[in-house]
Amino acid sequence: MPGVKLITLYLPESYLRALDELVRKRYYPSRAEAIRVAIRDLLNREFWGRHDKQDRADGEQEPRTKLSGRSQRKPTS
């Protein structure tokens, strides 16, 4: 994957058991993918979502859509 960096993190055993269960039930192909999705969703909600709200509060009229974790303007007709 281009532009991807390896990080190391420590998680409680209960988190690992839950991640392994999601992988076992085939919700995700791996622990890493489940963690990537969780981080993406957190950033969409807590980081990019807050920026969109601030943009609208600052006078921007058109809301943005989320694509691949980045804010993009909706196409105009």
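Which side chain meets that of Glu21 in a salt bridge? Select Glu21 and Lys25: their side chains form a salt bridge with a nitrogen-to-oxygen distance of 3.6 Å, the term being used for a side-chain nitrogen of Lys or Arg within 4 Å of a carboxyl oxygen of Asp or Glu.

Before going further, note that this is a predicted model, in which local features need pLDDT of at least 70 and side-chain atom pairs count only at pLDDT 80 or more, while totals for chains, interfaces and linings use all residues. Residues are numbered from 1 along each chain as its sequence is written, and side-chain values use heavy atoms, with hydrogens and water left out.

**Colour by confidence**

Colour the chain by pLDDT, the predictor's confidence in each residue on a scale from 0 to 100; the protein chain averages 80, and 65% of the residues score at least 70. Confidence is highest in helix 1 (residues 13–24), at a mean of 98, and lowest in strand 2 (residues 70–73), at 42, where helices (H or I, at least four residues) and strands (E, at least two) are DSSP runs numbered from the N terminus. Then select residues 62–77, over which pLDDT stays under 50, and for which the model has 26 contacts beyond four places in sequence, a contact meaning heavy atoms within 4.5 Å.

**Helix 1 and its end**

Return to helix 1, whose twelve residues reach 16 Å from the first C-alpha to the last, close to the 16 Å expected at 1.5 Å a residue; the expected span is 1.5 Å times one less than the number of residues. Arg26 follows helix 1 and has a positive phi, near 65 degrees. Glu21 is partly exposed at 31% relative accessible area, and Lys25 is partly exposed at 46%; here buried means under 20%, exposed over 50%, and partly exposed in between (1.4 Å probe, protein chains only).

**Helix 2**

Next select Glu33 and Arg36, whose side chains meet in a salt bridge at 3.0 Å, N to O. Both residues lie in helix 2 (residues 31–57), three residues apart, about one turn of the helix. An α-helix has 3.6 residues a turn, so residues three or four places apart point the same way. Glu33 is partly exposed, at 26%, as is Arg36, at 37%.

Finally, select Arg40 and Asp41, which form a salt bridge whose closest N and O atoms are 2.9 Å apart. A search of the whole structure finds six salt bridges.
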